[in-house]
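Student: Could you walk me through how the chains in this one touch each other? I'd like to take it slowly.

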Amino acid sequence: MRFLLDEEQHAFGATLDRMLGTAGTPSAVRAWAAGDHGPGRALWTRLAAAGVFALAVPEQHEGVGPLPVELTVAFTELGRHAVPGPVVETVAAAALLDRLDDKAAAAEWLPRVAGGEALLSLVLDQPATRYALDPDAADAVLVVDGDQLRLSTVWGPLQPSIDPARRLARPVGGELLAQGPAVREAARHAAEVAALLTAAQALGAGRHLLAETVAYAKQRTQFGVAVGSFQAVKHRLADTLIGLEFAQPLLHAAALALAAGDLSAEREIAAAKVSACEAAYAAARTALQLHGAVGYTDELDLSLWIRKARALRSAWGTPAACRAQVLAPRAGPVSR
Amino acid sequence: MRFLLDEEQHAFGATLDRMLGTAGTPSAVRAWAAGDHGPGRALWTRLAAAGVFALAVPEQHEGVGPLPVELTVAFTELGRHAVPGPVVETVAAAALLDRLDDKAAAAEWLPRVAGGEALLSLVLDQPATRYALDPDAADAVLVVDGDQLRLSTVWGPLQPSIDPARRLARPVGGELLAQGPAVREAARHAAEVAALLTAAQALGAGRHLLAETVAYAKQRTQFGVAVGSFQAVKHRLADTLIGLEFAQPLLHAAALALAAGDLSAEREIAAAKVSACEAAYAAARTALQLHGAVGYTDELDLSLWIRKARALRSAWGTPAACRAQVLAPRAGPVSR
Amino acid sequence: MDLDFTREDEALRQQARAWLTAHVPATPLPSLETAEGFAAHRAWERELSADRWSVVSWPEEYGGRSASILQWLVFEEEYYAAGAPGRVSQNGINLLAPTLFEYGTAEQRARVLPAMASGEVIWAQAWSEPEAGSDLASLRSTATRTDGGWLLSGQKAWSSRAAFADRAFGLFRSHPQTERPHQGLTYLMFPLDAEGVTIRPIGRLDGKPAFAELFLDHVLVPDRDVIGEPGQGWRVAMSTAGNERGLTLRSPGRFTAAADRLVALWRERTVSGGAPGGAPADTASHDRVADAVIGARAYQLFTYANASRLAAGASLGAESSLNKVFWSELDIALHETALDLLGPYGELADAAVDAPDHGAWSEGWTFSLAGPIYAGTNEIQRDIIAERLLGLPKGRR
Amino acid sequence: MDLDFTREDEALRQQARAWLTAHVPATPLPSLETAEGFAAHRAWERELSADRWSVVSWPEEYGGRSASILQWLVFEEEYYAAGAPGRVSQNGINLLAPTLFEYGTAEQRARVLPAMASGEVIWAQAWSEPEAGSDLASLRSTATRTDGGWLLSGQKAWSSRAAFADRAFGLFRSHPQTERPHQGLTYLMFPLDAEGVTIRPIGRLDGKPAFAELFLDHVLVPDRDVIGEPGQGWRVAMSTAGNERGLTLRSPGRFTAAADRLVALWRERTVSGGAPGGAPADTASHDRVADAVIGARAYQLFTYANASRLAAGASLGAESSLNKVFWSELDIALHETALDLLGPYGELADAAVDAPDHGAWSEGWTFSLAGPIYAGTNEIQRDIIAERLLGLPKGRR
């Protein structure tokens, strides 16, 4: 056993981190929130060039995947830099199409996903999703209803999320793409992919929130000393780090279970999802409290991550639903 | 509205506090734990002389009660000083006998309760109790089963509680004292009295745990300064105080509701019980943590309160059962 | 000891309930942190004051009903239980008015209070400055003596309501040479449309301009707008009014009403099987819902006890710190529980058409997040509790 | 990156499981903190060592199996999953042995380790002193040079196992004149039955003599019982062995096994409607049970990652502080959940005949409460995390 990212995986994450660090993602998010998808799509193209979306697509469709561990590494960076848009949905939709017997749909969409030319939104017939994310920005909205897969081009009013980078709408009707038990099975798999990558995004967002807050606490002074020298502040930041550090290995184990197609994958992903999202939300609360009033303003970019942490908490699996999956009778001991 | 204890109520509590403060209750508890009830009974007699048990007994049976508010004041002091024995059970049993049509049983036992000559143990046909507390020390064990009230003189093996002052046993059979719907009704009332006074005991125990820990934190030094000057310690103690201060008014409101026979009494008592017991248990955890290893020893008297806080948590209503009562459908808004 | 209301208290409760039932808008007003909502809330203040419901605790002469603290609490319970709009005049009514009653002149009271009661003049507070957050004594904005008044210069931050309000009040350094930073401050009122005032609205977490930065450049303020003695501003601001302020900052009625709504939401979710994905949340949220109900009740009763103490002539000191920490944490826990109960609908912003309860939970959650930060951070409050109520060593943090 | 076990790892797991199935006592041994239980646990150590299961990570020559860290983790998982007894030799195996492997002489290893592995000699630790709790550098007990050895005098506190153990190890001030308190300490082993040693057993929270005070009055210790260089005791004690120690102090196997037992308890209560009064607890405990399961899994995986780091030649520093805080809080939360699930049976002491699971939950809860206190309080650990891992300013507390 070597339960550590290998050199290439580290290097891949570091490359994305550097690239996104200079890409001005906050302004792309603000543009996205205002309905201008230009900067977001530009980011998307660069991510594709860096090989992110190819990780979700098999070789026969011009990808190199599916590679869940590498996708987890990538989506941690996407979360760290708050990349806007239906990134999770696009990869999950690709996983769905890849699982269908219908080769035509796969052949039509997967190469474009791999190349970063197609943004997909996705609604599954499962509790956690009722809305399509950013349908106006997507090239297609896939909707699973029972054993039917539809391609929807119509949706209700766009609705703002607490996360300005997310805009939600209910898809309506749509052309039938596929039908049968394979759709149910593919949808189940897509939901797992979506939950895993949402957890990765959340962990990355939490890492950013902690890093920003530690930096602020070192520099901000009150009563003549750095805020970061107060023991209550130090301990709160320490607890925030603990939450993130112990969510990390759950995330990696979940990715490995999905890659191996283990029966335990659903449970492992649920554990990773709730832990990463709770840790990210706690990091958001800490960031807000330790920044004080300035952290409560939307002009500080920090607010983009604080709000994302809240939105990801319920996206693709509420904390309660995830905990229920962990305790599902068929689950057996989680630990072995 | 004057939602404050009046002069006499304050004075009564202060008198008990002074009396018990010099009565050496810890040694009485240790003797009680060893099966020597002498010192405990002596305390009992002094409490009766101070008028504590008369508060539970109506005038026609040589008491001055029932006075729930004054009983709450008294039992807060009993908890503060960790008085051993079935004090709650004796008063609850008195409330039960007082509610029966059977005047004979009341006439036989209530005057002796008021005078401190009778210790009663009590088992009700409700989830929270399966054991009689200190049956070997009690003059009688009352057992309600359905609509029957029995006087039990036989019980199974004595079982130690985590609280050394509590020894539990399952009563067996017993002579029939009363029967019929009045028994059920009286038992329901007795359970409310028991829960209320257990909450009062817990609050008093929590107050003592906090006071001892604050005193210790001021005097104990590490790294050359008083432990109580560390901000993490200060904040933990502040949170402990908050828990106790906000449980206090719930306790008083519950006593008033019981005194007035309000329909809301059960819910108010449940809210007080869970809040006081959670606050006391949190105070125990804080006391243990801030005393360090010495707090973990049974030779330090502090351990008597730490262990009592755990035992009272589940006595006469678990936290979960109390929360369920607070949300019981018939309850309606708790707030008005 | 009792929890009984007098016939007068009950009468006020019934009158208030009747009036509110007749007047509270069927659908909530737009958020008061928007231009449209601010105007709507100003109109609502006028409607309240027309029937003397805007400042019940004030004397009749200023538009009130001379209600006791307890009666004010009763009114607040009814007010929020009825789902009535938030109070856009809160800064003036809770922060400025008590100071005027204690330190203001008869002229100032006659001039300021009725217009405040009617919503004709809405007040922003201007306490904080960029470098003085928790640490108010380090204020830098200055008030310089001039003929018949003062010239205000400097910068104020986190001025709530200032984006749309008419006037503001705050502390200014009027006597630079003093031994201690608390000295030499003066408490002044000033118009936000005066020459030399620049207002930069600041969006809160959800983007709404809930506060603003104020840039003051030789803003002329006449002497009549100084409250108390020049140089005594700190004492004036920290006056015994602070007493009741700890009690009035967030009335228990807000929380008892919110807790009742939370229970209704939880029952709805439980009975109906709830939102998709709601079902699991129901069992899991059981304890959190119960704790919100218990917490709201505890805060209500704790406040009744404090009101009784004040009525008995006692004064509240560091006890207000217990209050502050308790309600701010209760508020967040209550709203987080609601959002979790809402499952996939929990992320909808209050402006979303599908937002449950017209976005009340989302707006309430955003608002609650500021609780542990403003009016003295909870870290400061815990220091105060530890030092003043528990007597632990001061200073080291 | 992988979570795969080698054929050897799996073989060890299967052998251990088979052996444990055949040997683990059907009913738990009495608490090892009692005289009777101590003897029974000593006998169990002998049984383990007879088949080389007592110190799997040691070299064969000392009775081990040269198991890798990962294989040790596998063994621990099987060990606790099988419900095997607590390890009465833990002080020696986890604290003393690693030091001997790094600083001990061949003679010391040959003399001390086999007897430790067989349970023939059981070790107490003697780190703390009355005035040196969190702050070990302020040790006062002395070691004075004498012919061929040292004379130990002073007092040790919180010496775990000392009530019944054979020997102890600790630090003593051998060179009084030093600049810094960490200097001039010597690491020594000494017999608890030696002349000049007085042992005062101390009852832990539940009264069991889990530790003792040691009073030392000119206790003669031969030079061969000094570990490392005289005066270098601090370095010896804080050696890189501390590295693995952070990992071995409480193995994940304890928690994964306890979490599985908790789930079983919760299912039993749910299905059966549970203990009287259990039913409400079930829904309410849902999240807490799930969090215990998730926490145990997270701790297991976090430890796999650390084991991989060590195997890759890295070293663990302040990361062990993350470990310490996490497992100690997990342990308490897990046992509190169990006691709450047990409702009215939760208060029964482990000695009670009705105590569920032979008192395992009650004993486990009592044991868990010491977690945040010993081996460096969690307050100290959080300071370390903040200062060394997050780089926050040192010193102010």
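This is a predicted model: local features need pLDDT of at least 70, side-chain atom pairs count only at pLDDT 80 or more; totals for chains, interfaces and linings use all residues.

Student: Okay, how many residues of chain D are in contact with chain A?

Tutor: On the chain D side there are 41 residues, and they are in contact with 38 residues of chain A.

Student: And which element gives the most to chain D's side?

Tutor: That is H9(D), which gives 16 residues to the side of chain D that touches chain A. The elements that give two or more residues there also include helix H3 (69-81) and helix H12 (378-389) of chain D.

Student: What classes do those residues divide into?

Tutor: The side of chain D that touches chain A divides into 26 nonpolar, four polar and eleven charged residues.

Student: Switching over, what does the contact take from chain C and chain B?

Tutor: That contact takes 41 residues from chain C and 39 residues from chain B. On the side of chain C that touches chain B, the largest share, 16 residues, comes from H9(C), and by class that side has 26 nonpolar, four polar and eleven charged residues.

Student: New topic: where is Glu120(C)?

Tutor: Glu120(C) sits in the loop between helix H5 (106-117) and strand E1 (123-126) of chain C. Its C-alpha atom is separated by 8.6 Å from that of Glu45(C), although the two are 75 residues apart along the chain.

Student: Why is Glu120(C) called partly exposed?

Tutor: Because Glu120(C) has 13 other C-beta atoms within 10 Å, while exposed would need 12 or fewer and buried 20 or more.

Technical notes
Residues are numbered from 1 along each chain as its sequence is written. Chains are lettered from A and ligands numbered from 1 in the order in which they are written. Two residues are in contact if their C-beta atoms, placed from the backbone, lie within 7 Å. Helices (H or I, at least four residues) and strands (E, at least two) are DSSP runs, numbered from the N terminus. Ala, Val, Leu, Ile, Met, Phe, Trp, Tyr, Cys and Pro count as nonpolar, Asp, Glu, Lys and Arg as charged, and the others, Gly among them, as polar.
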